Amino acid sequence: MADLNWIVDSLTWEDLKQRLQDPQNVEEVKKFLSGEPFNYIEGIQFQMLPSELASQALDLTAEIHTQKIPINRFLNVSKEQFLMQPIDKTDFMTKSFIIKVGEEIIGAFITCDKETIEFPKPQTEEETQLFMKVKPVWKFIETCKVELKGRVLYGYFDAVKEEYSRRGLGRIGNGIRVALGYYLGYDYIARLANNSSSAKCASAYMETYPPVQFSSFEINGQKPFEELDDSACFQVTNLRSE
């Protein structure tokens, strides 16, 4: 078993970075990356994403994001449409992890190298229609992003089932993700917080850029999310800062 309780106990990036200087803690990160799970509390277990559970993890992520994220609810984005994402399946398999209770997946932290993200090219009329529906979401994401130079590990999706929310699992998951990025030699770790609640989950370890209100976003002179009362923001950690 990997012991990552020191991540749980780290409440800031500065604290987490200091603990990452301890060779024993680095060894625990290596154990986690190699597949050894971290047993948290009450039967809750974090583990790297095994290939046989990848589809389940993505399906859970799509289900939660289409139900909870304001911009997806507003556009009535389906799970199928949500999964039209510009993500390299091979890359995310080596950097993503899940949360389990027994055999049930209750959370997923889908993570990838920013260089592997490419927007899909629709091949059929049906795919084109799907693409056009979710295109405003991607345009909005581009509005929130900050340009970074160097190797960037991207926190693509976070998802925790509602019945397990408010237990700090989002904060712990983001702490683990930051620790993995640091160990793997990345210069930055970045994520889009697609609502204000999501931003809080990573704020202990990441710098939060000014939020963009959904209602103020324009595309082709239109404000497609004018009725939404929430915001999204980009969050970044400079993993190599002194």
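**Exercises on salt bridges and nonpolar cores**

Glu104 has a relative accessibility of 32% and therefore counts as partly exposed. The structure under study is a predicted model.

**Exercise 1.** Determine which residue forms a salt bridge with Glu104, and which parts of the chain the pair ties together.

*Solution.* 
Step 1. The partner of Glu104 is Lys161, and the closest N and O atoms of the two residues are 2.6 Å apart. The criterion applied is a side-chain nitrogen of Lys or Arg within 4 Å of a carboxyl oxygen of Asp or Glu, so the distance of 2.6 Å qualifies.
Step 2. Glu104 belongs to strand S4, whereas Lys161 is located in the loop between S5 and helix H9 (169-183).

**Exercise 2.** Describe the salt bridge between Glu27 and Lys30 in terms of distance, helical position and accessibility.

*Solution.* 
Step 1. The N to O distance between the side chains of Glu27 and Lys30 is 3.7 Å.
Step 2. Both residues are in helix H3 (residues 23-33), and because they are three residues apart, about one helical turn separates them.
Step 3. Glu27 has a relative accessible area of 35% and is partly exposed; Lys30, at 36%, is also partly exposed.

**Exercise 3.** Classify Arg166 and Glu162 by accessibility, and identify the network to which they belong.

*Solution.* 
Step 1. The side chains of Arg166 and Glu162 form a salt bridge with an N to O distance of 3.3 Å.
Step 2. Arg166 is exposed, with a relative accessibility of 74%, while Glu162 is partly exposed at 40%.
Step 3. Through salt bridges that share partners, Lys68, Glu162 and Arg166 are joined into one network.
Step 4. In total, the count for the model comes to 11 salt bridges.

**Exercise 4.** State which residues touch the most other members of the largest nonpolar core, and which element gives this core its largest share.

*Solution.* 
Step 1. The largest nonpolar core holds 36 residues, of which Leu49 and Phe92 touch the most other members.
Step 2. Two or more residues of this core come from each of helices H4 (54-68), H5 (70-75) and H7 (89-93), and from each of strands S4 (104-113), S5 (152-160), S6 (188-193) and S9 (231-238).
Step 3. The largest share, six residues, is given by H4.

Definitions and conventions:
Residues numbered from 1 in each chain as written. Predicted model: local features only at pLDDT ≥ 70, side-chain atom pairs only at ≥ 80, totals over all residues. Heavy atoms only, no water. Core = buried A, V, L, I, M, F, W, Y, C linked by side-chain atoms within 4.5 Å. Buried < 20%, exposed > 50% of the residue type's maximum accessible area, 1.4 Å probe, protein only. Helix = DSSP H or I, 4+ residues; strand = E, 2+ residues; numbered from the N terminus.
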